[in-house]
Amino acid sequence: MASDPIYPMCLRGFALALALLSLAVPGIPGMAAPVRTEQVEAELVAERSAPKPGKPFTVALRLQAIKGWHTYWRNPGDSGQPTAIQWQLPPGYRAGPIQWPVPEKLPIGPLANYGYEGEVLLLTDIALPPDAKAPARIAAHAKWLVCNPERCIPQEADLVLDPGAAPRAQQIAYAREALPESAGPGWSFKAGGAAGGVGLEIAPPADFRATTLHFFPYEEGKVHHAAAQALERRDAGLRLFIPAATQPLGALERLHGLLVADGVRGFEIDVPVKGVVIAAPPMAAASSLGLVAALALAFAGGLILNLMPCVLPVLSIKVLGFARGRDAHAMRVHGLLYGAGVLASFLALAGLLMALKAAGTAVGWGFQLQSPVFVALLAMLFLALALNLSGAFEFRSLVPARLANAAASHPHADAFLTGVLAVVVASPCTVPFMGAAIGFALTESALVALGVFAALGIGMAVPYVLLAFEPRWLRRLPKPGPWMVSLKRWLALPLYATVGWLAWVLSIQMGFAGAPGAKDLWQPYSEARVAELVAQGKPVFVDFTAAWCVTCQVNKQLVLSRPETERAFADRGVRLLRADWTKQDPGITRALAALGRNGVPVYVLYRPGREPRLLPEILTREAVQTALADLQP
Amino acid sequence: MKALLAAALFAAGSALAGTVGQPAPDFALADLSGKPVKLSDFRGRYVVLEWVNPECPYVEKHYGSANMQGLQKEFTSKNAVWLSINSTREGHYEYYPPQKMAGWMKEVGGAPSATLLDPTGKVGRAYQARTTPHMYIVDPKGVLVYAGGIDDKRSTSKADVKTAKNYVRAALGEALAGKPISAASTAPYGCSIKY
């Protein structure tokens, strides 16, 4: 068998012998010499030679590990064990808690420990009774785990403070100086759920300088111990991204621990994570997209937008315009201007969204559709487009002649405005499935957010810009002719459908119609209701939805409202809650942020005693069945 | 578009390996006689994964007190599969080659269904196993339903085994009785795995 357990046994024997010796020869303080193991020298040291009544008395457990070995902090990290001291004091004496010095992060392969290499002094304040008489016997049983990256050895020792030893005031004073201080006045913090972790916004005092910052949590199992924490400098202060544990033990509701600057100065913080009422589920952790992935996803999303029912008919007009044929140069200029219009509109939307967020408004992506005015204008726009395609009127006959002439005489402006129009009509479709990329964008810096929105715009514009530059591809289209008229009639149909749908959204927003899905099966969502049901041991399924979200409606029709799905929920005793985000709702926005999302749809299955499970945004019956089957074997 | 999203979700899913509620990563590892053992071969039964390293004092606590062997016998008799996995890297001085590992298992009276060696650490990393012991339970459908510690007393003292709440016994008991697992994620404690 392993040789490891020999050390503690040896030590115990040694300590026992010392204890017996001291019993046999009372009053001899000789046993207070440091206890030595192969890796560690351990002793108690004191500030003064003897405790004085009425004065605080600080004693330290000094552990000196040999090179390459370490002992542990109060949260040991991925493995290991904190040092523990059991004090043996005269009656009336009371020992306070260990005052832990600032720890180091000690990487071990893919893991990390929090602890101390070399020497550490663990200070403890001992309170004396008023009638204390010197000399008193201050003793302790200390247990520690000492490790190098290769192996760990648990050790323990009985230690006695030598009343005859010289006081170590200076050593204690140094140790006290190295203790973390509380991040008091001059500091301000704000923490919010972000995809895959928590973003901590830090406004330090004006004179604060640090090259590195790292957060060490007091509690284990919620923050990812080994992961790097990205520090970002902003105009006003700093932002530290703290990744959550990948196998979390519970909700990361507060950041309680030490913020360590440059590896030496520790500041104690206790910051609530706003809006996080539940553990970030595994899927949220995974949706911490990298920048490149987010950009790629946004670009692909932009491309796909062109095929959406709200966009395709409108853009078809554009293609038909190309098909009419112009000279190559004009087409290129128009293609580029159209692209510029798309890009500018997306950037403007991003800017507006960030400005609203910065102003403290709890908004998420899709916010524009939460405004009844915007929905009404959009409905009218779609109606006009549809009527136009049907041939009911030509724009020329509606808008003042001067303006129409302007459009005709300013074809450049026309191309640019078509780009703007494309983005406006695309908005009901951008919202649903761009959740991950946009959620990511909004948790990042302004520059990154703009980059993601720009990628979305470029993706959307690129097919038409390419067509403008390669008109040969257009030749495959049939020659212009009467067929175009009938095609336009057909293309008008989805637009009429969109108008109907927007009218329905508007009627809900204005309170004319009942909330969507107000069937008995589904109850309205609230954070408290989820917590209550889960506490009762009931699984809860939440449908984060909005009337204006197309994907949400499709999922509802194809999956959630199906009798077999409803039966499956009932069979498993799953409670159904619907979070309706059709109108602004800060509570739902917060809950979405806690899930690492910034838009709907989001489907979550809360399971008692387990992490919530996120279902795909494009919901399938199989996905629901799989999630439900996993509830109970 | 569905395919694209499915692909994106799949890519995201692989980062979730070793997370409760997600499919347990499948693996095939050689047992001590060199025979490959595949996790997915045990579909339909509960599978316990135990990360073990005979040189670790925390492992010694649970084998020296016969705690681990007791659990192995108790649950393999209830048709569960118990796989003890040693992810110590080959070349580390705590590495046990197959014969030595078999000798140790015999000496301590261990009774897992199989003892597997993972000298490259591939499987350990896939599960994000951090300590010895670190315990996982896979349900009959292949979904990870428990990840965490063996019990709630972080120590190397064998005496603590009697008073500790054994998470694995509780979770397996609940699972086998068809009840939800009340503590599905707990803090593992022990030595670092020597990847």
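Asn79(B) is partly exposed, with 45% relative accessible area; buried means under 20%, exposed over 50%, and partly exposed lies in between (1.4 Å probe, protein chains only). Asn79(B) sits in the loop that runs between helix 3 and strand 4 (81–86) of chain B. Helices (H or I, at least four residues) and strands (E, at least two) are DSSP runs, numbered from the N terminus.

The structure is a predicted model, in which local features need pLDDT of at least 70 and side-chain atom pairs count only at pLDDT 80 or more, while totals for chains, interfaces and linings use all residues. Residues are numbered from 1 along each chain as its sequence is written, chains are lettered from A and ligands numbered from 1 in the order in which they are written, and side-chain values use heavy atoms, leaving out hydrogens and water.

**Positive phi angles**

| Residue | Phi |
|---|---|
| Asn79(B) | about 75 degrees |
| Asp262(A) | near 55 degrees |
| Gly178(B) | near 75 degrees |

Asn79(B) is not a glycine, and Asp262(A) is likewise a residue other than glycine. Asp262(A) belongs to the loop between strand 18 (254–261) and strand 19 (265–274) of chain A. With a relative accessibility of 37%, Asp262(A) counts as partly exposed. Gly178(B) follows helix 7 of chain B.

**Helix 7 of chain B**

Which residues of helix 7 (residues 167–176) of chain B are buried? They are Tyr167(B), Val168(B), Ala171(B), Leu172(B), Glu174(B) and Ala175(B). An α-helix has 3.6 residues a turn, so residues three or four places apart point the same way.

The cover over these buried residues includes strand 3 (47–51), helix 3 (67–76), strand 7 (135–138) and strand 8 (144–148) of chain B. At the start of helix 7, a side-chain oxygen of Asn166(B) comes to within 3.0 Å of the backbone nitrogen of Val168(B).

**A cis peptide bond**

Thr132(B) and Pro133(B) are joined by a cis peptide bond, with omega about -5 degrees. Pro133(B) is located in the loop between strand 6 (131–132) and strand 7 of chain B.

**Helix 13 of chain A**

Leu493(A) lies in helix 13 of chain A. This residue is partly exposed, its relative accessible area being 45%.

Terms used
Contact means heavy atoms within 4.5 Å. A polar contact is a pair of N or O atoms within 3.5 Å; within protein, one must be able to donate a hydrogen and the other to accept it, and residues adjacent in sequence count only if both atoms are side-chain atoms.
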